[in-house]
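Me: I have a model open in my viewer and would like to learn how to read it. Could you take me through it, feature by feature?

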Amino acid sequence: MKKIKLITFDLDDTFWDIEPVIINAERSTRKFLENYIGKQEWGSLSDFLSFRRELIEIDPSLEWDIKGLRRAIYQNKILDSGYSEKDSIELVDKCYKFFLEKRHDVTFYDNVFESIKELSADYSLGVLTNGNADIFNFDIGKYFDFSISSYDVKSNKPDEGHFVAARNKYNNLRYDEIVHIGDHPINDVRGALDIGINAIWFNGMGKEWKEENIKEPLQFKDWSKITRLIKSNYE
Ligand SMILES: [Mg+2]
């Protein structure tokens, strides 16, 4: 039997539903910015995505630096409205701060808090996220030893950066003594399995497992079940 010492968690769509949060954060930040630079044409989602791709082509680090990406998007709007490069910085800072606050306005799924508290009694806990939420902004943060973002490791899951960094937080920790929990079949499940970390799929929507090349992993949809699932499979 494998003995688990560390459990790592994805955040977005694992602890909370991210889509409504981002939509709300994006909308309110646009309004906030328009107070300074007047009404803007923001275009469709596909305009936004192609603009994002253009920015990443110019500066590939924006692929994993979503803070930089978001700031670049706001700065472009601000410069277009006639601000000087120098004057734009302060407003970009304000916008990003405003966005980040809204981005943390999340509703945790039922039983996350209780389960994390329970797990923290027996395991070390950490966060591995491709996003820019900070678990330490929440009360629940006190149960976690660390949080690793894409910015920290200059790559996105499923690349190994987050997983290697997690193991390196401890002396002599082996990959098979870690379980990673996340909603994404590739970024979380395959990323973890590829390096020898155990993976549990948070399947809150009760979806079918569609990755033919990956054996269907342990999964759960209700956070109240996670402690039992881990204890019964790894101890
Ligand atoms: Mg996720």
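Me: How are H1 and H4 oriented relative to each other, roughly parallel or roughly antiparallel?

Reply: Before the case itself, one reminder: this is a predicted model. In general, two packed helices are described by the angle between their axes and the distance between the axes. Here helix H1 (residues 19-37) packs on H4 with an angle of about 150 degrees, and their axes are 9 Å apart. Angles over 145 degrees count as roughly antiparallel, so H1 and H4 are roughly antiparallel to each other. H1 passes H4 in a right-handed crossing.

Me: Which residues of H1 and H4 meet?

Reply: From H1 come Val21, Asn24, Ala25, Ser28, Thr29, Phe32, Leu33 and Tyr36, and they meet Leu91, Cys95, Phe98, Phe99, Lys102 and Arg103 of H4. Sorted by class, this contact has nine nonpolar, three polar and two charged residues.

Me: At what angle do the axes of H3 and H4 cross?

Reply: The axes of helix H3 (residues 66-80) and helix H4 (residues 85-103) cross at roughly 130 degrees and come within 9 Å. That angle makes H3 oblique to H4. The crossing of this pair is right-handed.

Me: Now a loop residue. Is Leu62 buried or exposed?

Reply: The idea is to count C-beta neighbours, with 20 or more within 10 Å as the cut-off for buried. Leu62 has 20 such neighbours and therefore counts as buried, although Leu62 lies in the loop between helix H2 (45-58) and H3. Leaving aside neighbours within four places in sequence, Leu62 is in contact with Leu55, Ile56, Gly68, Leu69 and Ala72. Its C-alpha atom is separated by 8.9 Å from that of Arg52, ten residues apart along the chain.

Me: Where is the cis peptide bond?

Reply: Look at omega: the bond from Lys157 to Pro158 is cis, with omega near 15 degrees. Pro158 is found in the loop between helix H6 (150-153) and helix H7 (161-167).

Me: Stepping back, how many helices and strands are there in the protein?

Reply: There are nine helices and six strands. The C-alpha trace spans about 65 × 35 × 30 Å along its principal axes. A compact globule of 235 residues would have a radius of gyration near 18 Å, and the protein agrees with that because its value is 19 Å. Of the 235 residues, 28% count as buried. Finally, among contacts between residues at least 6 apart in sequence, 56% join residues at least 24 apart.

Terms used: Residues are numbered from 1 along each chain as its sequence is written. This is a predicted model: local features need pLDDT of at least 70, side-chain atom pairs count only at pLDDT 80 or more; totals for chains, interfaces and linings use all residues. Helices (H or I, at least four residues) and strands (E, at least two) are DSSP runs, numbered from the N terminus. The radius of gyration is taken over C-alpha atoms; the globule rule is 2.2 Å times the number of residues to the power 0.38. A residue is buried if 20 or more other C-beta atoms lie within 10 Å of its own, exposed if 12 or fewer, and partly exposed in between; C-beta atoms are placed from the backbone. Two residues are in contact if their C-beta atoms, placed from the backbone, lie within 7 Å. Axes are lines fitted to C-alpha atoms, for helices over the stretch in contact, and angles run from 0 to 180 degrees between N-to-C directions. Angles under 35 degrees count as roughly parallel, over 145 as roughly antiparallel, 65 to 115 as roughly perpendicular and the rest as oblique. A crossing is left-handed if the near helix is turned anticlockwise from the far one by less than a right angle, and right-handed if clockwise. Ala, Val, Leu, Ile, Met, Phe, Trp, Tyr, Cys and Pro count as nonpolar, Asp, Glu, Lys and Arg as charged, and the others, Gly among them, as polar.
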